[in-house]
Every structure is written in structure tokens, then in C-alpha cells.
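Could you help me learn to read an interface and a pocket? I would like the general idea, then the case at hand.

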Amino acid sequence: MSARDNILARVRRGLNLPGDVPGAERSEVLRAINDNARGPRPTYGWTDHAERFSLRSKMLSTTVDRVATLNDAPAAVVRYLNELKLPLNAVAWPALSAMPWSATGLGLEFRGAKDSDLVGITGAFCAIAETGSLMLLSGPDTPAAVSLLPETHIAILDVSRIVPGMEEAWTLLKSQQSAVPRAVNFISGPSRTADIEQTIIIGAHGPYRVHVILVG
Amino acid sequence: MRVGLFVTCLVDLMRPRIGFATLKLLQNSGCEVVVPEGQTCCGQPGFNSGDRESGRLLAQRFLKDFESFDYVVIPSGSCTGMIRHHYAQLFPADPALQKRINALSARTYELTQFLHTVLHIQNLHSSFKGNITYHDSCSGLRELGIKLQPRQLIGQVAGAQLREMEKPETCCGFGGAFSIKLGDIASRMADNKCQDVQASGADAIVGGDLGCLLNIEGRLRRMGDESTQVLHVAEVLVGPEALADLGED
Amino acid sequence: MLLTSFSFKSNVKKKLVDPVLQKNMKRFGGRFVIARAEVMKEVDNLEDIRVAAAAIRDGILANLDSYLITFEERAQARGTTVHWAETAQDVNRILIEIAKANGVRKIVKSKSMVSEESGLNDAVAAADMQVIETDLGEYILQLADEPPSHIIAPAIHKNVEEVAELFSKHHHTPRQTNIPALCREAREQLRPHFISADMGISGGNFLIAETGSVVIVTNEGNGRMVTTLPKIHVAITGIEKVLPTLNDLSTILRLLPRSATGQSITNYVSMLTGPKGADDVDGPEQSHIILVDSGRSRLLGTELQRALRCIRCGACMNHCPVYQNIGGHAYGWVYPGPIGAVLTPSYVGLKNALDLPQASTLCGACEVVCPVKIPLPELMRVLREQSFEQRLRPWSERFSIGVWRTMANHPRVYARFAQVAARLLHLMGGKKGLLHWLPGLDGWTDGRDMPAPTGKTFRELYAKRKS
């Protein structure tokens, strides 16, 4: 017998379930998965998702800017980089290549990220008001490492994509994608560690800065 | 109202005056108090050491001795917790017995719970001179939810000032046999507790469980602190005159 | 990991007099407690969520085989290779086989407590491959050649001076004690390894049956690195870590970071499903999951099954007054604190960790904070019962319990004995009423005086008064 069969048999024996392989329980389990019940959550005491998202983001040390239209976002990116005296070269998601970047004078490359990239620009699939988290899906036009390797991560997000909680994010994902992508990353502020003396330090292996530009 | 008093093994052996203080407090409130002779111990020492059989024997004994009373009162959160939360578990195969135990458990109260929640005592006619810091014993706090009751009652004692220590809810390290089996850790935990007690500036550390109090007193004295009084809450609530009158000898 | 749980008592003696450890535990130990209490104020229905979370975990355990089969099917459908390890040794063997088959030379690793169970790093090193821990705490300990002392803050027992020493010695850099600078130094040391490694190993906080995914909950970003950059990703996790659905994950995530570090949410929650697609520009080419039993299935169907609800937040140890005083190493294996006192004897054998279930006053602080409501004191008591029934406890302990039990069940004998003891001990206590030493009770009197009885028992005085 294989290790797999041994383990599963031990599990069944332990649980006192009849036979060697699951029968009716298997369909019960599949039904429970399909039912996909939602659990309790804390009272959501806000009405404006964008406002809540911004508030929670700031608590996570994410900075937030807001512009009226998507065409205003490139200028907001430059403004942010200039303010912090950060390099004007960046790697960006290929998915963002159609935006009006040319007038900004930014040196942009639309590709996956390399170790030497200092600024990464991404969109987000959606964001979560409850926690101030961005939800990013990996894909050919949305490579995962752009939000990870550079020291600065800038994300552009339409306010209509801010959902109340994680459950709504999953519902949105299922309604718009045929399957979950290779990587779903919920990003909640710049990377951090408290492994030395329980002291919170912003900037561990991932970005030191996360800046969100809300659109709309 | 007929009240059965379960004195506890530690009070019986070590500090009978806590038993008499409890008796007096109940009588002062108009209870008819009976102390059944057959009582020994709630069974916790054996139960927590892994000997279920001793738990079962003593649970049955307790049932026999106390089932006839309107209420049972115990000057210990730990013994009360044992009875309320663990007795019924000891007889998983005997639902009839469980039912009787549950009915009795529901009438079984720790002293301050009983005075506060059942008797609604508003005026104790007691006095104390000095600052008191209250240690929340673990079972009382976490199994029975005892927190405000003793403080509210101490608030009725003329002259008693409550001064909370830094971590009143942290275990003192007693834990029954733990205090001997793992005495090194127990002593360190008691030491932490004593430092918090001393830092509170209290003249007396007061609690509802004699086990914890012996542990704390033992550490205080070993540290060379002979002045901080260590008192059971019953002693404080009954007051100095009544205490003197209890006359242990 | 080298097991020293059988020498718990002597471990404790050493830890209680280790001045650096004692100072570090006092300075840092309480911070998680404060942070958790603060962040829980955000949750107005904490108890509802705890009840729901416990029910989710119980539901999985009750049909664990069906959930595992479903998870496996869906993970395989996405191109993940699922391996099954019956023992800790099997984990090492499987991992080394995957590595050898792919010519792996360098491995970067994010935190995996399961890999500590099997001593994976040593096995990999013995197979001539380099493995580098990348979680900052684990990295510090790899340099120090020490095991973790906490499941989420592995280097909590170390202070900045000790870290500075280690970095300077191993990196050949000037010694610095500025914490942000030390973090930057670790980042710069480890970045080239992330880029050049052939394999990434991670743990798995959860497996999602609905999607065949593994979820990791992290802060530093190293977990994302090791699951994104190397061409092979291997996740190692226990068979009990399944969750049915993404909605269940959402419920549990309201508790895990809050209970663990006092964060509303961790910086990263990453859900990984299969290897990269044909058009993807990043992600591993191979995705493997090793599902580990190694003693877990033995708990199913027993009273201890509830310990398998555990989501490894560490709140029980953070709030444990015993842990706070002795630190994690004293427990002598991977999982310290109350959950360790239950899991260690269960996984390595009760007789090899006999004192761990005794290492608690049963104060209940752990149970109150456990996000999945594991009745830890009750489970420790269950293990004490097993020790007693299997006659594993010392003869003297069993004998005294036997004598006590018989007496306590015979009130007249008991009363007589108490009377004699009260008198004798009272006399021994002298004027101050304190016993400085008592035969057989030196466990108490080594560190505390024993207040003496006042001389007569309650029942004696009561009988006299009544008559």
C-alpha cells in the first residue's frame, strides 16, 4: 500500500468511519464546499468603502492618493516619486501599458520584475475595505514579482473595485475568472518584520513603501 | 434558606478561621448554615493528577452530603469550579447521575458570588484599615467569572482601599500539585506575583482561594517581607471584631 | 529537531537562571499580549467568530479523508504534485528526491514548523545541498545553530546585541546594533540567494479543498519570494491543515493574525495554486505539496482530536505564565507552551515528554485566547490521565495519590489524620508559623516558606463549638 493509502486508512480508522474509502461522506463534503457558506464578521460600521479603505491602508503604513480619472494616474505616480526623491524609472505590469504614460517622462518597462528594479507599478484586481488590503492576481500581464522585488510598490486602483470584505473579493474573482490564478496575493502595506526584539521594522524582504492611487 | 457549607480541605487543615468567617457571613445574612460531617475534599488534587477515580469517589460523596440543601457555599473558586465544571464530566456513561450533579452544581456557589449575586448583600458592617490588592484566582476568574463580586463587596468594607496590582489576573503559580512537582517554576511565578503585590503599595493581598494565598504568603515571607498581610476575602468581609470573636482557641 | 522534552525539569532549571533569556522574556514577552488585546477591540463579535472557526475546523477533522482526497484531486488538476509523508523521516526523503531529480543545489526556505519536526535542514545539508532560512528570525537562528523557541517569533529569546554579534561574525561586516540597519543587512545578504536558488520551500498555513491551493500568511515577503522566484516550489504541511472553502479562509483570517501578532491582517496572504501557466512570466515551473501525517492521524477519534484544530497562532504560549518564565527551548521540541504540552507527547510519545502535560497550573489563560477554542487545560488533563493509567508517573506520586484517595473517602480517618498533621506542622512552624523545609515537599520549600497550620482543624473546632 502507498503512503497515501496508509494515511487515509489511518484517518478513517481513527474517525471510526466504515470501509476503506469514503462513500456518502464524500458527497457531503462536496456539498459543503459547494454551499460555500459565509461565516460571521464584525459589524461593518462604515458606508463609504473608499474612505474605509484609505483609513485602514494608512494604519498599515500604506500611503494613499486619489485622482479623478485613470488618465490622471500617471501624473500622480510622477508626483509621488518626485516627492520622495525616488528614481523615475520603473517596471510596470504589461496590463498597464495602454495608459497615457508618454507625457510623464517616466522610464517604464512593461515586463516581469528583476532584482535591480527599484520601483514597481501595478494595478489590483480589487481591494478590501475591511482591512485595507489590495488583492492582486498573477497572470501573463500581471506578473507577481512586480509588487514584490522593488523597494517601492505603486498600485493604481479604481474605487469601484473596493469591496467590503474578503468574501466579496472571492465572489468577484469567481464571477470574472474561470479559475483562481497561480497566485492570489493580498497585500496589506509594506513588508515588515518584528523578529528582532519584537520591534516592528517596515521593510523586510519586500517593498519598503506601498503607495495606492485611487481612481474615481 | 438552608445552606450547606463546604469548608474545603485546605481551610480545614490550615486556616479554620476562614471557615468560621464564612459561616458567620452566611449566618449574618440570615442563612441557616449546616456543615455536613462527611465532607473531606472536592477531589481536585487527584483529578488534576490524572486519577479520575478519586474524582468520581469524591464527587459522589459530595452529592450525598450536599444534595439536600437549597444552596452550597464554598470559600474557594477552585473547588467550586471543580464541582460546577468537572463533576458531571466524570460520569459520561451515567446521564441520571449527571442530571443530579448538574442540578446540585447549579446551586453551588463560591462565597463572594453567593453574597453578591444570590444574597445581594449591600451593607457588610465590616471595617479594615489599609490598602488592599486583590488577586484573581484562576478558576474563580475563568471558570466562574468572578471579578467584580469580591471588589464590590470589599467596597462595602469601611476603610478598605482597593489598589489594583499590575496583573491581578496572572496565575500566582500555585496550581495544586504543580506547586510541588514543578516547584522551580511555581516559585518564580509566585515571585512575579509578590513583586506586583509589593509594587501596588497594598498593606494586604486578598484573594478567594487559600491555595494561592499560601503560595503567595510563602514566597513573600521567603523574600523577607513580613509586613504584607495575606488574607482570605472572607476574613476581610467579616471584619476584625467578628474575627477576634471566632476564637480558634 | 533534537528532542529534549524528557529532560524538561533540568531544562527549566537552566532557563530560570539564564540571565539573558530571563531579561529578554521580560522585555519582549508581553508585547504580543498587549497587541492582541488592543486589536481584538475591533471585533465586536469575537465569540461568534471563534465559535464559527472552531466549527469549521471540527467539520474538516470529522471528514478529514474526504477533504484530503478532494484537495488532492483539485491540486493535481492544477498541476501540483501531491506527496504523502507518513513520518517525519519521509518528509526529508521525499524532499531530497525531488531536489536530486532536478539537480537542485541551493534551496531558500520560508518558515515551516513541520520541517522542524523532521530536522529537514540537517538532512538536506547531509545530502550536499545548501538550504538557507529566509524568515529573519529563522535566519538568525540558523546562524546561531539553534532551534526556534516560538512558533511565530522564533528568535524571541535573542536580543539585538546577540543578533549584532552573529551578523558581524557570519557576514564579516562591522558590528551594528541598530535594528532597522540589521534588517537591511539581512535583506541584502538574502536577496542574492532568492534570485539564485533552484528550489523554494514553504510551510502551508492552510490547504483549500475548494481550489486545491496552499495559503501562506506572512509579513516579511520572504514567503512570496520562495514561492515565486525559484523554479521549484515545495510546500510542506500537516494533513490537518485543510479548510473547505475560500469563505472559510476569510473567517479564519479574521482570527489568525489578530491572535498571533496582534495585526488585523498580515502584510501578505498568498494563495498559491499550481505551477506557472504557459504565458506567465513568473512563478515556479513545478509545484509540490508534501502532506505530513507523522502522528496526527493517531489523535483522530480521541479526546485529543481537538488539538488538531490548531491554526498555529501562538497565542496560548504568549499568554502562558509558565512559558513566559521559561521560554520555548525548555519544552524541548518544535511546539512550546500549552499547545506543545499537548502535541509533543502526542507526536513523540508520552513517555518521552512526560512532564509537559504537568507543566501547567491549568490556569486557563490559554483556553481563553485560543481562536479555535481548544480546551487546552482539559487536554493536558487527558494526558495526565493517560500517564497515570499507564503507570508512567513516578511510584511515589502514584502511591501518595492512592493513600490520599483512600483517606479522603473515609472521613473519620481523614479527620483524625488532619488533626494530627495540623498539630504537628503547627509545632514545627514555631513562633513565626512558617516551615522552611518539609520532607518530601522540597519542591515547595526550595523557593517558598510553607505557612504552618494554626493548630486545630476546622471540623475539630466546629464540633467543640456545637457541643
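This is a predicted model: local features need pLDDT of at least 70, side-chain atom pairs count only at pLDDT 80 or more; totals for chains, interfaces and linings use all residues.

A: Residues are numbered from 1 along each chain as its sequence is written, chains are lettered from A in the order in which they are written, and side-chain values use heavy atoms, without hydrogens and water.

Q: How much area do chain C and chain B bury between them?

A: The size of an interface is often given as the accessible area lost when the parts come together. Here chain C and chain B bury about 5700 Å² (accessible area to a 1.4 Å probe, summed over both). On the chain C side, W404(C), R448(C) and F458(C) lose the most area to chain B.

Q: How many salt bridges are counted between chain C and chain B?

A: The count is seven salt bridges (a side-chain nitrogen of Lys or Arg within 4 Å of a carboxyl oxygen of Asp or Glu). One of the pairs is R52(B) with E385(C), at 2.9 Å from N to O.

Q: And what about the second largest pocket: how much space lies there?

A: Rolling a probe the size of a water molecule over the atoms shows where empty space is left. In this model, the second largest pocket holds about 1200 Å³. Its lining has 47 residues, and I152(C), N219(C), T261(C), Q263(C) and T266(C) lie nearest the centre. A pocket is an open set of points on a 1 Å grid over the protein atoms alone, with protein on both sides within 12 Å along at least five of seven lines; lining residues have an atom within 4 Å of a point. The volume is the space filled by probe spheres set on the points, which are joined across faces, edges and corners.

Technical notes: Buried area is the accessible area (1.4 Å probe) that two parts lose on being put together, summed over both. On a 1 Å grid over the protein atoms alone, a cavity is a set of points where a 1.4 Å probe fits but cannot get out, and a pocket is an open set with protein on both sides within 12 Å along at least five of seven lines; lining residues have an atom within 4 Å of a point.
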